[in-house]
Amino acid sequence: MKEQAITKAQRIDSPVRQPRGKYKHACQKRLFTLQEASQYLAKSTNAIKHLVWRGELPTVRENERAKIYFDLKDLDKWIEQHKTTYTY
């Protein structure tokens, strides 16, 4: 009984398993909140807001008063556009 409780708790705390087969993208999160986007890009929430205001980062909204979300593809695109390489 005790062992079953531990295994259930471990399953709850364990990371989500990646789906396989033809539905492998079905459970992946695509829209991030402002806080999640700031963590993903390692920037403050104010820095993310400035990127939005300058038109550098698109947002997703249902209407003008709705909470803003950021598409994972747009975040990845922003990262790719701001990569630099240095030669010594």
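**Note on the predicted model**

1. The protein chain holds four helices and two strands, helices being DSSP runs of H or I with at least four residues and strands runs of E with at least two, numbered from the N terminus. Read from the N terminus, the order of these elements is α-β-α-α-β-α. Residues are numbered from 1 along each chain as its sequence is written. The model is predicted, with local features requiring pLDDT of at least 70 and side-chain atom pairs counting only at pLDDT 80 or more, while totals for chains, interfaces and linings use all residues, and side-chain values rest on heavy atoms, without hydrogens and water.

2. Of the 88 residues in the protein chain, 16% are buried, where buried means under 20% relative accessible area, exposed over 50%, and partly exposed in between (1.4 Å probe, protein chains only). The accessible surface of the chain amounts to about 8,100 Å², and carbon and sulfur atoms account for 52% of that surface; the areas come from the Shrake-Rupley method with a 1.4 Å probe, and for residues only the protein chains shown count as cover.

3. The largest nonpolar core has 11 residues: F32, L34, A37, L41, I48, L51, L57, I68, F70, L75 and W78. Such a core is a set of buried Ala, Val, Leu, Ile, Met, Phe, Trp, Tyr and Cys residues joined through side-chain atoms within 4.5 Å. At least two residues of this core come from each of α2 (34-41), α3 and α4 (72-81), and α2 gives the largest share, three residues.

4. Apart from its neighbours within four places in sequence, L51 is in contact (heavy atoms within 4.5 Å) with K43, E56, L57 and W78. Over the protein chain, 47% of the contacts between residues at least 6 apart in sequence join residues at least 24 apart.

5. There is one aromatic pair, given that rings of Phe, Tyr and Trp (its six-membered ring) pair if their centres lie within 6.5 Å, with planes under 30 degrees apart counted as stacked, over 60 as edge-to-face and the rest as tilted. The ring centres of F32 and Y40 are 5.5 Å apart and their planes stand at 85 degrees, so this pair is edge-to-face. F32 counts as buried because its relative accessibility is 12%, whereas Y40, at 35%, counts as partly exposed.

6. V60, in the loop between α3 (45-53) and β2 (70-71), has a relative accessible area of 31% and is therefore partly exposed.
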